[in-house]
Amino acid sequence: MKDSGSSGGDAAAGGGGSHLLVRRVMQMTMVVVAFVVVWILMYNSSSPFAIPVFSRYITTRDSTMISYDPELESVLRNASMENKTVIITTLNDAWAEPNSIFDIFLKSFHLGIETERLLKHLVVITLDQKAHARCQALHPHCYQLETKGDNFTKEAFFMTQDYLKMMWRRIQFLGSVLEMGYSFVFTDTDIMWLRNPFNEFYNDGDFQIACDFYNGNSNDLNNLPNGGFNYVKSNEKTIWFYKFWLNSRKAYPKMHDQDVFNKIKMNPLIQNIKLKIRFLGTMHFGGFCQPSKEFNQVCTMHANCCVGLDNKVNDLKILLDDWSKYMALPNNTKLNVHPSWTVPQSCKCRRLDPYINHFTDHSKRFGLSNLFFLHWK
């Protein structure tokens, strides 16, 4: 009897243990399901800081990016270098007028050193029909970007609504180019190409960007970048980054792409994916903010720190005159002279003060010398 009783007790205990195990499994299942639901909600959140899964970002087409366009693929393929790299600029009607920015931009390629051959790799993204017609009259690789009701025909002044829309449309478009497998050099049209810049890019840089003000260290995230010129390699990291950058505008709705980049460039998520950011020095990639002093090394000069189309046109023409005089010198003389730019001139007007103050605030934040700004005031 004792043995039978013991056997019955063991059976009862075994049954109770089985029910307890089932309950624990159900509880754990509910916890896992709840976690997954929370994760999905955070992942799909409109916040740019939602938890991203790297592999999902690079394998699924984000709805914010531009859908595949066979015409764009054809234009990129025809302009591409052997390593699937293109040069991209954007153009609207205001800058496409005869004797305006676009004409000066193209002229710089013809005057530069080893730059004329790069024109066959230049893709001009036009933002309206007039600009597109003008592009087709002057250049073989033009693509008209759909702007979904936005009117980018006229000059977009700094930080206006049209300006912000145009800048974010640009980021969106460039992200789609990366997704299509093309690396690119993006250049504003008010940048003069004076020397082939490809020799000055860093081999290890995924994302390389020019600066309004450069502190001498290409790895230092405290540099003040300028989104008007950058070299970006198409890879999983840069594709993810452009989506993250575009989504981050929701957290900073009144900022343009350049200021949002300054907000996110130190974000741990970017560090976690090991995106290599390098800043391009102003000795090779100069501008009116911080001009290159080395005519023998300068690759590009940007009409930055300058407000107003007429002011840009005037000073860029003078800049190319300066460059033409340098190019007319005998080769042995070029090595021994130290010419200087005679610009900015029109860009020194008082209308520029609010723009200067914008960067002066940044210079104080990042410890840059205010001497940079003295000749503007």
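Modeller: A disulfide here is a pair of cysteine sulfur atoms within 2.5 Å. The model is predicted, so local features need pLDDT of at least 70 and side-chain atom pairs count only at pLDDT 80 or more, while totals for chains, interfaces and linings use all residues. Residues are numbered from 1 along each chain as its sequence is written, and side-chain values use heavy atoms, with hydrogens and water left out.

Colleague: Fine. How many disulfides does that rule give?

Modeller: The count comes to 3 disulfides. With the bonded cysteines of the protein chain numbered in sequence order, they pair 1-2, 3-4, 5-6.

Colleague: Start with C135. What does a disulfide join C135 to?

Modeller: To C142, with the two sulfurs 2.0 Å apart. The torsion about the S-S bond of C135 and C142 is about -85°, so this disulfide is left-handed.

Colleague: Are C135 and C142 buried or exposed?

Modeller: Both C135 and C142 are buried. Buried means under 20% relative accessible area, exposed means over 50%, and partly exposed is in between (1.4 Å probe, protein chains only).

Colleague: And which cysteine does C289 go with?

Modeller: C289 is joined to C305, S to S 1.9 Å. The torsion about that S-S bond is about 100°, so the disulfide of C289 and C305 is right-handed. The pair links distant parts of the chain, 16 residues apart: C289 is in the loop between β9 (285-287) and β10 (300-302), and C305 is in the loop between β10 and α11 (309-327). Helices (H or I, at least four residues) and strands (E, at least two) are DSSP runs, numbered from the N terminus. C289 and C305 are both buried.

Colleague: What about C306, what is its partner?

Modeller: C306 is joined to C347, with an S to S distance of 1.9 Å. Here the torsion about the S-S bond is about -65°, so the disulfide of C306 and C347 is left-handed. C306 lies in the loop between β10 and α11, and C347 lies in the loop between α12 (331-334) and α13 (353-366), so the pair ties together parts that are 41 residues apart in sequence. C306 and C347 are buried as well.

Colleague: Change of topic. How many aromatic pairs are there?

Modeller: The structure holds 25 aromatic pairs. In one of them, the rings of F198 and F201 have their centres 5.4 Å apart and their planes at 80°, so that pair is edge-to-face. Rings of Phe, Tyr and Trp (its six-membered ring) pair if their centres lie within 6.5 Å; planes under 30 degrees apart count as stacked, over 60 as edge-to-face and the rest as tilted.

Colleague: Where do F198 and F201 stand on accessible area?

Modeller: F198 is partly exposed, with a relative accessible area of 23%. F201 is buried, at 9%. One aromatic cluster takes in F198 and F201 together with F105, F109, W193, F229, Y231 and F285.

Colleague: Which ring has the charged end of R278 over it?

Modeller: The ring of Y202, with the charged end of R278 3.7 Å from the ring centre. The rule for a charge over a ring is NZ of Lys or CZ of Arg within 6 Å of the ring centre and within 35 degrees of the ring normal. The charged end of K334 sits over the ring of Y326, 5.4 Å from the centre.

Colleague: Q208 next. Where is it, and is it buried or exposed?

Modeller: Q208 lies in strand β6 (residues 207-213). At 0% relative accessibility, Q208 counts as buried. Contact means heavy atoms within 4.5 Å. Leaving aside neighbours within four places in sequence, Q208 is in contact with F201, Y202, F229, N230, Y231, R278 and L280.

Colleague: Backbone, then. What is the peptide bond from V343 to P344, cis or trans?

Modeller: The bond is cis, with omega near 5°. P344 is in the loop between α12 and α13.

Colleague: What is phi of K84 near, and where is K84 found?

Modeller: Phi of K84 is near 60°, a positive value in a residue other than glycine. K84 is found in the loop between α3 (70-79) and β1 (85-91), and at 35% relative accessibility K84 counts as partly exposed.

Colleague: And K274, what is its phi?

Modeller: K274 has a positive phi of about 60°, although K274 is not a glycine. K274 is in the loop between α10 (268-272) and β8 (277-279), and counts as exposed at 64% relative accessibility.
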